[in-house]
Amino acid sequence: MITVTELKHSDRKARRTLGVCGGAHMLHDGFTDVIYILLPIWSQALGLSLVQVGILKSIASAALAGFQLPAGFLSEKFNAGIVLALGTVLAGIGYVISGFAGGFVGLAIALAIVGMGAAVQHPLSSALVAGAYRAGRRRAALGIYNFSGDIGKIVFPTSVAFGVGLVGWQISSIALGVIGVVGGLLVWLALNRLASSDTSGEAKTGVVEDNDNETSVGWGVTDAAGFSMLAVAGLLDTGTRYAFLSFLPFLLQEKGAAIESVGFALSLVFAGGAAGKFACGMLAERFGIIRTVVFTELMTACGIAALIFLPLLPSLIMLPVIGVVLNGTSSVLYGTVSEFVSENRHARAFGLFYTVLLASGAVAPILFGAVGDAMGLETSFVIIAVLAGCIILICPFLSPRIAEPSRG
């Protein structure tokens, strides 16, 4: 029988786990989205084409995708806190190296290191949070965890854009890297302290034991068709988002935006995305997950299409709205993954899910960069808008497999 004291200890440990993982998410999402600020700066400083810009973004995304599954496997063999901390330190080292890069090759190496380090965060932190809240409130906890990442998307790109104006992009990159190294050490200390307060196997890996032989082997996917459709929807959503964010600075510059104001413009998108985590979560609770996905993707497609024709000021006004719906779908999809997998395979299943999504994110910038070089940015954005609308076609097939929240 579980005592009241044990319940209080469990709740306190769950909140602290969420706090540490949320902090790691904020740091890592800040790292990955700072790239959008630096891409146009690198393009101007080093004379890069749109295809080269897309390749740089894709290198980071490919490293993110390629190391998702190894991160999940490592968490099953070693302490998850150590793996998460080492990944954070490695991402920081990548940014330090980028500060000394003098050309395309140096930046490519640096971003590959950043991507490898940042890859550990999503599968491990998602699994740790899901495991900590397995008794209840899991979707709410994952929503808070996702929101913390959007805080990083606002704080770090804005800070780096400001720092670039003061001390240049090289010093700003090095300073960001130092923050990553220090942050990794803090993550390790915090999770190690939590692990030492609990001697169960859950503290080691962030997953729980499961005696069901049918779900204790393999990937732990309990509904292959549902998981696959969810992954396809996530693939299209991620491709849309990565392509949009990669080339939005260039579209704004074509409308007359100065390079210094691009950071502010992206912050508007990320601020809208942060609000979207809450807004779309509430919409999903009120109207259902599938209806929310249809609404957010329809609004995303329309918003991106409108952005092509609007002048600069109306475009800036539109960006927070686009941010809300652009990130809203991902929040709903991420919170649904755990419904299709068994408890003791969360890290592995989340790793598989994020691998599929980030593989799309690795391909999209190169593809749309090539289209932009050959046919113009406007054509790229038209295709991006169409891609967002395609997600709606999956929703009727996914709907019967999702347990919608009860609505009173």
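Reader: Is Ala 91 buried or exposed, and what is its relative accessible area?
Author: This is a predicted model: local features need pLDDT of at least 70, side-chain atom pairs count only at pLDDT 80 or more, and totals for chains, interfaces and linings use all residues. Residues are numbered from 1 along each chain as its sequence is written, and side-chain values use heavy atoms, leaving out hydrogens and water. Buried means under 20% relative accessible area, exposed over 50%, and partly exposed in between (1.4 Å probe, protein chains only). Ala 91 is therefore buried, with a value of 0%.

Reader: How many of the 20 residues of helix 4 are buried?
Author: Ala 91 lies in helix 4. Helices are DSSP runs (H or I, at least four residues), numbered from the N terminus. The rest of the structure largely encloses helix 4, because its buried residues number 14 of the 20.

Reader: Which residue meets Asp 29 in a salt bridge?
Author: A salt bridge puts a side-chain nitrogen of Lys or Arg within 4 Å of a carboxyl oxygen of Asp or Glu. Here the N to O distance is 4.0 Å. The pair links helix 1 to helix 7, 124 residues apart. Asp 29 is buried, as is its partner, Lys 153.

Reader: What separates Asp 237 and Arg 241 in helix 10?
Author: These two form a salt bridge, with the closest N and O atoms 2.8 Å apart. Both are buried. They sit 4 residues apart in the helix, so the separation is about one helical turn.

Conventions
Helix = DSSP H or I, 4+ residues; strand = E, 2+ residues; numbered from the N terminus.
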